[in-house]
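Student: Hi! I'm new to this one, could you walk me through it?
Tutor: Happy to, let's bring it up.
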Amino acid sequence: MSTISSPGIGSGLDVNAIVSQMMKLEQRPLQLLQTKASGIETKISSYGQVKSAMAALYDAAKGLTNLDTWRGKQFASGDETILKGSASSSAQAAQFSLQVNHLAQSQSVATSSLPSGSGIGTSGTLTLERGKWSADQSGFAGAGSAIDITIDAGDKLTDIAKKINDTKDAGVSAVVIKDASGERLLLRSNTTGEENGFALSVSDPGLNILAHDPASVAADNGASRTQAAKDASFSINSVEARSASNTVEDIVPGVTLNLLKPSDKPIDITISDDTKAIKDKIEAFKDAYNKLNSTISGLTKYDQGSKKAQPLQGDNTVVGMLNSLRGLVGNPNSAGDYFSSLGLEVQRDGSLNINSTKLDAALKDLPKLEKALTDGTDGLVTRIREFAFKANGVEGNITSRTKALQDSLKRNESDQERINLLLDQRQKNMLKQYQSLDANMSTMNSLSSFMNNQIGQWNKS
């Protein structure tokens, strides 16, 4: 609206105050629209809360109806300091024992020492080859292509270590350590297992300090072996088995074994249905349902203490959804299964509570419980999942009602703009009228003053 002009100077009237008071009366329809808009915005926000809670219920129901939830397996080790593990959904429930004889090892070698910071003294080629050493460690069978590394006479052991580490696909790692004698180069295979050993040969005798091949081993010179490459050795129910890695996969189908250290006796392992994961998903479903129940109940109640209705009190759409959900929770499926008989009991306020005794009993027959909760479109949880999906869908009740409220808010905004224009024009007209009155009264006051002066002159004469 326009800014009110200065007070009248001819009439002595407070034009500002008069117009302001009159405009307050004129603004009443606008104020009613603004109050209504605030209420609509609150309802839209409230439906946002309902939508969020409904989405959480859908996610929880979807998680509980997911096939992987019911096929999951739990791995239990009799001694987790010896071995740990995991089981996929493809594993079969079973019990067996496992004894670890020794762990898989990677090959390690160490050179003799050189004075700290000194160069190798000879240029040539260091050839690295991956493969397998014989049982007595005297013979080597290479596998794959050998890798040549150029050595310069001035290279220190740290330079040689860097060249090895920078060589792509070398398969070994090098590090230099200092001891009382000087510096040593240590090399270690990146992979455990007998097939993952390595040999080092040199092109010049001056580089023999780096060599570790059958010739240098036989001559007892060059780099010495500090650890031989080994497969893990273990037995399952007294049947011997081996693995190049300490992470053993699919020797027992669907089971991964993580060997940690040797054992002096067999360790019991149990593969069972993962009922804990199922209970966790049921707990999450219960929590999500209760959140939605409390959200809608709170938004639709009438507070007797404050005599104040909540934003969605009397909203048929959201009240109808809650009643439908409570009906799905309280009624059986076509097979006669109830939530309450499976451990999810309905409380007086419409919420769910877990009866652990009933749930534990139901979990003893997983196929039956799975069917009751997830079977086709008739499963107790499946029905709620589909209800939540539709409610939040493009044409669902929550989406449609939210859109209707947003359209109503847009119409309200248009009405406010229209009334603001009318009020602005009304204020301009009122100011014009009062300014005209003020001018007329100023003229009349001037004429009155003139006449009074004339009369005064006449009386003196």
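This is a predicted model: local features need pLDDT of at least 70, side-chain atom pairs count only at pLDDT 80 or more; totals for chains, interfaces and linings use all residues.

Student: Okay, how do the axes of H7 and H10 cross?
Tutor: H7 covers residues 316-330 and H10 covers residues 380-391; their axes come within 10 Å and cross at roughly 165 degrees. Angles over 145 count as roughly antiparallel, so that is what H7 and H10 are to each other.

Student: Is that crossing left-handed or right-handed?
Tutor: The crossing of H7 and H10 is right-handed.

Student: And which residues meet there, between H7 and H10?
Tutor: From H7 you have Met321, Ser324, Leu325, Leu328 and Val329, and they meet Arg383, Ile384, Phe387 and Ala391 from H10. Sorted by class, this contact has seven nonpolar residues, one polar and one charged.

Student: Switching topic: which residues touch the most other members in the largest nonpolar core?
Tutor: That core has 48 residues, and the ones touching the most other members are Val50, Met54, Leu57, Phe285, Phe339 and Leu373.

Student: Which elements give two or more residues to this core?
Tutor: Among them are helix H2 (28-65), helix H6 (275-300), strand E20 (352-354) and helix H11 (397-460), and H7 and H10 are on the list too. H2 gives the most, with eleven residues.

Student: What is Leu57 in contact with?
Tutor: Setting aside neighbours within four places in sequence, Leu57 is in contact with Phe285, Ala288, Tyr289, Leu292, Leu325 and Ile384.

Student: How many residues are in the second core?
Tutor: That separate core has 23 residues, including Ile160, Ile164, Ala170 and Phe198.

Key
Residues are numbered from 1 along each chain as its sequence is written. Side-chain values use heavy atoms; hydrogens and water are left out. Axes are lines fitted to C-alpha atoms, for helices over the stretch in contact, and angles run from 0 to 180 degrees between N-to-C directions. Helices (H or I, at least four residues) and strands (E, at least two) are DSSP runs, numbered from the N terminus. Angles under 35 degrees count as roughly parallel, over 145 as roughly antiparallel, 65 to 115 as roughly perpendicular and the rest as oblique. A crossing is left-handed if the near helix is turned anticlockwise from the far one by less than a right angle, and right-handed if clockwise. Contact means heavy atoms within 4.5 Å. Ala, Val, Leu, Ile, Met, Phe, Trp, Tyr, Cys and Pro count as nonpolar, Asp, Glu, Lys and Arg as charged, and the others, Gly among them, as polar. A nonpolar core is a set of buried Ala, Val, Leu, Ile, Met, Phe, Trp, Tyr and Cys residues joined through side-chain atoms within 4.5 Å. Buried means under 20% relative accessible area, exposed over 50%, partly exposed in between (1.4 Å probe, protein chains only).
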